[in-house]
Every structure is written in C-alpha cells, then in structure tokens.
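Notebook open, viewer loaded. I'm jotting down what I look up as I go.

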Amino acid sequence: MLLAFGNFTADPSVNLQLLIGGLALGAIYAVVALGFVLVYKSTDVLNLAHGEFLMLGAYFALTFLISENLNFFLGVFVLLLVMLAFGLLVHYGIMRRMVGQGFFAIVLITLGIATIIRALLLIFYGPTERARLDLLPQGSFEIGGATVRYVDIIIFGVVAACVLLFFVFFKYTRLGLHMRAVADDIEAAAAMGIDPDKVYAMTWAAAMVMAGVGGLLFGHVTGAIDRSIEAIGLRAFPAAVVGGLTSLGGSIVGGLVVGVIEQFANGHLGTKWREPVAFSVMFVVLLVRPTGLWGRKDLERV
Amino acid sequence: MTAVENPAPRQEEAQTYRPSTLQRFLPFIIAAAVPFILGSTTGDLNFWWKASITVVVLAVVARLAWKWTPRGELTHREDMRLWRTPSDRSWAALTMFGLLVLPFILASDFTPPMGFPWATWFAVVNLVLIFAMGAAAFNLLVGYSGQISLAHVAFLALGSIVGGIVGVQWSGGNMWYALPAAAVAGAVVGAISGLPALRLKHLYLLLATFGFHFVMMLVWREYLQEYFGFVGIRFKGENSPRIASWLHWLPGIDPDQNGEFVITGQFRWYWVLMPITVLSILFMVNVVRTREGRAFAAVRDRDVSASLLGINVARSKLFAFALSSAIVSMSGVLASFYIGSRGEDSFNVQTVLNYAIIIVVGGFSSIQGAIFGSAFFWFLPEWFKWAREELWFVRDIDFLSDYPSEIDLAIKGFLVVVILMFKPDGLAGLWRDFKSWFSRALARSNP
C-alpha cells in the first residue's frame with residue numbers, strides 16, 4: 001500500500017517521550033523562527049539563508065569553543081561578536097542595495113547568500129562531519145518513564161529569555177520603538193527623523209546574533225555537525241508561519257506546536273512523514289489564517 | 001462665445017525601418033562560419049552535403065530577411081508578429097542554423113587549440129536543452145504571471161514518476177507515451193498546486209508551494225520504495241526509448257544490428273531533445289503574446305484591476321500554473337530518460353536552488369534569459385575545469401584545484417548576488433545592452 005500508516009500505540013510513556021522530544025525540537029524551531037521573525041518584522045525580507053546563518057554559527061562555535069578552547073563565556077561572547085559583524089556585513093554589503101526591490105528578487109538574493117555561505121564553509125571546514133558540541137551539561141533525568149535531557153531545558157530557558165529580551169527591547173527602548181516605526185511605515189518613520197538604514201543594520205545584526213545562539217544550541221542536539229544542518233532553516237518555516245511571521249511570541253508557540261506535531265508524526269507514522277506533516281499543518285494555517293496565529297494583518301488598497 | 005481651443009491632433013510618428021545591423025552582417029557571419037565547419041569535417045563523406053546545406057541556408061536567410069523587411073508603417077498585425085523586426089528574424093534564422101549545424105560540429109573530431117574541452121560539450125549541450133525548457137516554464141510562471149512558486153522541482157519529480165509508471169512499468173521504456181502523459185498529469189496536478197494562489201500571494205504563496213514540494217517528495221520516495229527499492233528507477237539500458245520499427249523509413253534513421261533504433265548517445269539524443277525544447281519554448285513565447293498571456297501580465301501587475309478589465313483572475317492563475325507545470329513535467333521525463341537513473345536524492349533542495357540560480361543569472365522574467373541561464377549554469381563548470389587544467393595563470397593555484405565544485409558553487413552564489421544587486425535583468429539584459437550599444441556605435445560611425 002502506498003500510504004501505509006504505522007501502528008498507533010496507546011502506551012502513555014511512549015507518548016510522553018514523544019511529547020518531550022517534540023517540545024525539545026520545538027524549542028530549537030523557536031530559536032530559528034525567532035530569527036525569521038526578527039528580519040521579517042522590520043525589513044519585510046523573507047530570509048531563506050537563515051539555516052545557513054545558523055550553520056555558520058555552529059561552525060564558529062566549533063572553532064572558538066572546541067578548537068581554540070576558549071573559556072565558555074569568552075568563547076560565546078566572541079562568537080556572538082563575530083556573528084554581529086557578519087550581520088552588519090550582510091546589511092551594508094548586500095541587503096542595503098536591495099531595499100525597494102521586488103519581493104522575489106530579495107528572496108532570491110538570500111538564496112544567493114545561502115549558496116555562498118555553504119560553499120565557503122565547505123572550503124574552509126571540509127565535508128567531514130564533526131562531533132556535536134558537549135559544553136552544556138549532557139545528563140538527563142526521568143519523569144514518568146520518559147527521559148528529559150538537561151540540554152533541552154537549557155535551550156528552552158534560553159529561547160524564553162531571548163523572546164522576553166526582544167519583547168522588552170521592542171516595547172521599552174528607543175531603538176526598539178524605531179524598529180517598530182520603520183516596520184510599520186518606512187517613509188513616515190524616515191520623515192520623523194529615524195534612519196531606516198541604521199535600523200535595518202541593527203535588525204540584521206540581531207538576527208545574526210540569534211543565528212549564533214541557535215547554532216550554539218543546535219550544535220548540542222544535532223547528530224553531528226556537518227553541511228546538512230542547514231536544513232533546520234527550512235524545517236523551521238512551518239513554525240514561523242504557524243506562529244505568525246510578525247509575532248515574537250508566536251514563534252515560540254508555533255515552534256512548540258509544530259515540534260510536537262512533527263515528533264508525533266515521526267513516532268507514529270515514520271520519519272518520512274515528518275516534513276510533509278509539518279508543511280501540511282503550515283498549509284492549512286496559511287489557507288485558514290494566512291498571517292498565522294498572531295501575525296499582523298496588512299490591509300491592501302486598490 | 002469663445003472658440004473652444006482644440007489642441008492640434010497628435011501626429012503619430014511613422015515607424016520606418018532601416019535594414020538592421022545584424023541583417024547587414026549576417027551573410028558575412030555565416031560566410032565566416034563556413035570554412036570553420038567545413039574545416040572541421042575534412043575527410044568526412046558528408047563534406048559536400050554540409051557545404052550545400054550551408055549555401056542553401058545562407059541564400060534562404062538573406063532572401064527571407066530581405067523579403068520580410070517592413071517598409072513604411074507597421075500595421076497592428078505586423079506589430080504583433082513573433083519576430084517583429086528584421087533583426088529578430090535574422091537572429092531566429094541564425095539560431096535555427098546554429099542548432100541544425102551544432103551536432104555535426106560537436107560530433108566531428110575537431111580539436112580546438114589549448115585543449116579546450118570539446119568531446120564533453122555534447123552532453124552539456126543536451127543538458128542545457130532540458131534545463132532551458134524547465135527554466136523557461138518556471139520563468140513563465142514566476143516572471144510573466146507573477147505567481148511565486150518553489151514547486152517546480154516537485155514537477156520534475158512528477159515527471160519522473162509518470163516516466164516510471166507509463167514509460168517503464170507499463171510499456172518498457174516507451175518515452176513517447178510518457179511525454180504526453182506527463183504533460184496531462186503535470187497540468188492537472190499543477191492546477192491543484194495552484195489553488196492556494198487564489199487566496200495567497202507573494203511570501204505566503206511561496207511557502208505554500210514549498211510545502212507542496214515536500215509532499216511531492218514524500219510521494220516520490222514512497223513510489224520509489226514500493227516498486228524500485230533503494231537503487232532508484234533505471235531509465236537506460238533496456239528501458240531506453242527507441243524508434244518504432246514502422247518509422248525506420250525516416251531519413252537519418254539507420255537501425256542497429258538487431259533491427260532496433262535505440263536513442264542512446266549524445267548525437268541521437270540531441271535530435272530528440274532539440275526539437276522538443278525549441279517547440280515548447282516557441283509555444284511559451286506564443287502563449288505570452290496571446291490574450292491569455294497578456295492576462296498573465298495584467299494579473300501580475302494588479303489582480304484587482306485585471307478583474308475589472310474582464311479577466312477571469314482565478315482561471316488565469318490556474319492556467320499559468322497548469323501550463324508551466326505541464327512543461328516542467330515533460331522536461332522531467334526527458335531528464336529522467338536522458339540522465340538514465342533517478343534515485344532517492346535526485347530532487348533535493350539544491351535542485352530548487354539551481355533553478356533559482358539559472359533564472360537569476362539568465363535574467364528574471366525573460367524566456368530568453370532561461371536559455372542563457374541554463375547554458376551558463378552548465379558551461380561554467382566545464383570552463384572552470386578547463387581553466388584549472390590548461391590556463392597557465394590559473395593552473396598553478398593549488399587552492400582552485402583542491403576545491404573545484406565548492407568554488408563552482410561559490411561563484412554561482414556570488415554571481416546571483418552581484419547580478420541581483422547591479423544588473424537585475426541578468427545575461428539577457430546584458431545581451432540587449434550589447435546589441436543596442438553595437439547598433440548605436442555603428443550608427444555613429446556611418447550615419
């Protein structure tokens with residue numbers, strides 16, 4: 001039979017394990033989705049290169065924390081600083097010239113950036129896969145017959161902290177206000193004396209730093225660090241869309257929802273169903289409510 | 001009562017044509033090509049045959065270009081012609097001439113100077129033909145009708161599935177049934193995959209079609225594992241397409257020892273791929289000129305205004321999806337049978353990227369650009385390989401020869417970024433610029 005369904009199990013401990021695995025996966029999706037949302041919210045750019053940014057972050061984490069063997073906090077600081085510099089480079093080198101271009105041209109240019117990053121990483125790090133990072137505590141404990149890794153809890157905490165941080169930043173700081181103003185109406189914001197160029201640069205830097213954090217965290221839970229980890233960028237799309245592409249809090253909820261659904265599809269139907277199910281959920285959400293659960297609605301004038 | 005001031009009626013500027021630049025030089029270009037072609041085939045029995053073809057084509061081109069030169073004003077009918085100006089007609093004739101002569105040149109054992117790769121070019125040319133067809137269809141959908149889609153690789157996979165069912169399982173390597181079947185299946189599935197376009201736009205449409213890509217990948221993997229296992233579908237060997245025996249009287253068809261005419265080898269494949277690609281591209285160019293094609297552009301620019309003009313927007317969008325998907329599916333069948341085997345990872349996300357690179361480098365929303373782009377995409381690695389092996393100032397750089405494919409990829413990505421930043425019309429735009437620069441320079445030199 002073409003579409004053979006796996007056997008559904010009613011064993012609660014299996015389902016609990018799947019739920020916990022799904023939440024852990026969802027936390028990772030939330031990190032990635034947060035990067036999408038940051039860029040899309042203020043620059044209206046769909047950044048298809050975010051998976052590659054994350055891969056860059058993971059490889060830099062390898063360099064700074066494993067090869068150079070820096071102190072953990074110093075290494076993370078250097079990593080985030082380098083990623084920030086890369087974000088500024090992406091903005092001032094490339095994206096700055098693309099403001100006002102067609103939507104698809106900008107999507108394609110992010111694909112071009114993705115291709116460059118992929119090629120450069122292959123050149124400088126080679127195709128061999130590296131062992132995953134082991135800097136965060138590796139142990140686990142049991143709840144009701146299901147295993148919970150400490151790493152997952154840390155990831156969860158970091159994501160929640162990041163969302164909270166960005167929320168406070170957007171709501172209570174001057175630069176956050178500027179970012180929201182530019183996202184709302186770039187011309188009106190420019191007329192009020194806000195420099196959109198600076199705001200965009202800050203946005204790309206922030207997204208890159210989020211990619212650095214994401215790479216560091218994902219490097220701890222992926223099987224091995226190699227060129228295939230960029231796929232997390234595409235797999236996190238449903239999470240970003242379900243939560244709403246303009247909503248910070250939405251990315252965390254969307255990530256968890258999609259992660260759990262994917263994990264259950266994985267456990268009960270088989271690995272190959274993971275992506276189709278996630279993208280079908282995204283598809284349904286797009287048809288019913290295109291802006292996602294908490295996205296901003298845009299009015300269209302004729 | 002004051003006299004109403006009537007503005008003077010605007011005088012329509014009469015459009016007249018001088019013979020175009022290319023038209024003046026075309027005989028010389030072809031004449032220059034003749035010794036090259038003949039020189040490359042000396043000793044060949046076909047020498048006089050090719051020589052006479054050259055002369056006849058030369059005469060026909062010159063005659064037609066002269067006959068079709070419009071003199072005086074253009075009527076509407078003349079204005080809407082496929083090849084409007086003498087220059088267009090000359091280029092079309094030159095391209096046709098080139099396409100007819102090319103396989104003979106490539107099949108000859110001509111050796112260009114400096115070890116320029118020649119033997120490998122035939123395979124590259126055939127791949128360019130297949131990819132140009134798919135990329136042009138993709139451009140028709142994304143560029144002309146503005147429906148952003150990333151699902152084209154899904155339709156390549158659909159072509160392979162139909163090729164596997166109809167061409168391999170049902171009729172043992174009969175590509176001729178698989179092609180129309182893939183066109184029908186592609187049109188139906190394409191219209192279904194276009195349904196979200198009725199409700200979604202831009203970004204959301206892109207994501208929805210990308211979701212369709214993953215669903216199609218699931219179908220592809222299921223189909224593969226159900227009937228073919230992990231090795232993938234084998235389209236070559238006993239499954240190669242062949243010409244039926246009742247067609248063996250056709251000129252140029254010389255059956256092999258066992259009385260069969262199997263389409264294998266680059267030369268035979270060229271004569272299958274070239275006509276199909278040329279016809280389908282001409283078909284798309286013509287669709288763009290019809291009412292449906294103009295409706296595509298109207299819907300792309302503003303769908304609400306298009307509906308006010310009396311265009312059925314839903315129908316137009318679905319038609320664009322169906323048409324594009326049908327042609328992409330056909331190119332999927334051709335690619336499967338040409339490449340010979342399709343496996344689990346034949347359709348990955350990198351393939352989606354490759355098509356994006358092709359249409360960006362060639363020139364966004366231009367069918368001509370799709371051809372340029374796919375030629376560039378396939379020739380770049382060849383040129384780069386040649387440069388690494390032969391060019392004296394590149395040969396000694398170890399870095400380049402250590403990472404050939406990675407640097408290929410980097411160059412492609414870099415080109416996409418640079419072209420989108422500085423020259424959004426791509427190679428097709430560069431080509432237009434060059435033509436206008438050349439004719440202006442010529443007009444300056446002899447007014």
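Helices (H or I, at least four residues) and strands (E, at least two) are DSSP runs, numbered from the N terminus.

Housekeeping next. This is a predicted model, so I keep in mind that local features need pLDDT of at least 70 and side-chain atom pairs count only at pLDDT 80 or more, while totals for chains, interfaces and linings use all residues. Residues are numbered from 1 along each chain as its sequence is written, with chains lettered from A and ligands numbered from 1 in the order in which they are written.

**Hairpin, chain A.** I looked up strand E1 (residues 140-143) and strand E2 (residues 146-149) of chain A: they run antiparallel and are joined by 4 bridges. Phe141(A) has Val148(A) as its bridge partner in E2(A). There are 2 residues between the strands, and Gly144(A) takes a positive phi near 55° in this hairpin.

**H3 against H8, chain A.** I checked how helix H3 (residues 72-93) of chain A packs on helix H8 (residues 196-221) of chain A: the angle is about 140° and the axes are 7 Å apart. Axes here are lines fitted to C-alpha atoms, for helices over the stretch in contact, and angles run from 0 to 180 degrees between N-to-C directions. That makes H3(A) oblique to H8(A); the scheme is under 35 degrees for roughly parallel, over 145 for roughly antiparallel, 65 to 115 for roughly perpendicular and oblique for the rest. The contact includes Leu80(A) and Met83(A) of H3(A), and Trp204(A) and Met208(A) of H8(A). Contact means that the C-beta atoms of two residues, placed from the backbone, lie within 7 Å. By class I get 18 nonpolar, 3 polar and no charged residues. For the classes, Ala, Val, Leu, Ile, Met, Phe, Trp, Tyr, Cys and Pro are nonpolar, Asp, Glu, Lys and Arg are charged, and the others, Gly among them, are polar.

**Ile232(A).** I found this residue in helix H9 (residues 231-235) of chain A. Is Ile232(A) buried or exposed? Ile232(A) is buried, because 22 other C-beta atoms lie within 10 Å. The cut-offs are 20 or more such atoms within 10 Å for buried, 12 or fewer for exposed, and partly exposed in between, with C-beta atoms placed from the backbone. Leaving out residues up to four places away in sequence, Ile232(A) touches Ile28(A), Val32(A), Gly51(A), Leu54(A) and Phe218(A).

**A meets B.** On to the interface: 35 residues of chain A are in contact with 36 residues of chain B. On the chain A side, helix H4 (103-125), helix H10 (237-243) and helix H12 (274-288) each supply at least two residues. H4(A) gives the largest share, 16 residues. That side of chain A divides into 28 nonpolar, 3 polar and 4 charged residues.

I then followed H4(A) across to helix H17 (residues 404-422) of chain B, where the angle is about 155° and the axes are 8 Å apart. That makes the two roughly antiparallel. Their contact has 16 nonpolar, 3 polar and 3 charged residues.

**Chain B.** I noted 18 helices and 4 strands in chain B. Of its 447 residues, 38% are buried. Helix H5 (residues 121-144) of chain B is mostly covered, with 19 of its 24 residues buried. After H5(B) comes Gly146(B), with a positive phi near 65°.

How values were computed: Two strands pair if DSSP finds at least two bridges between them.
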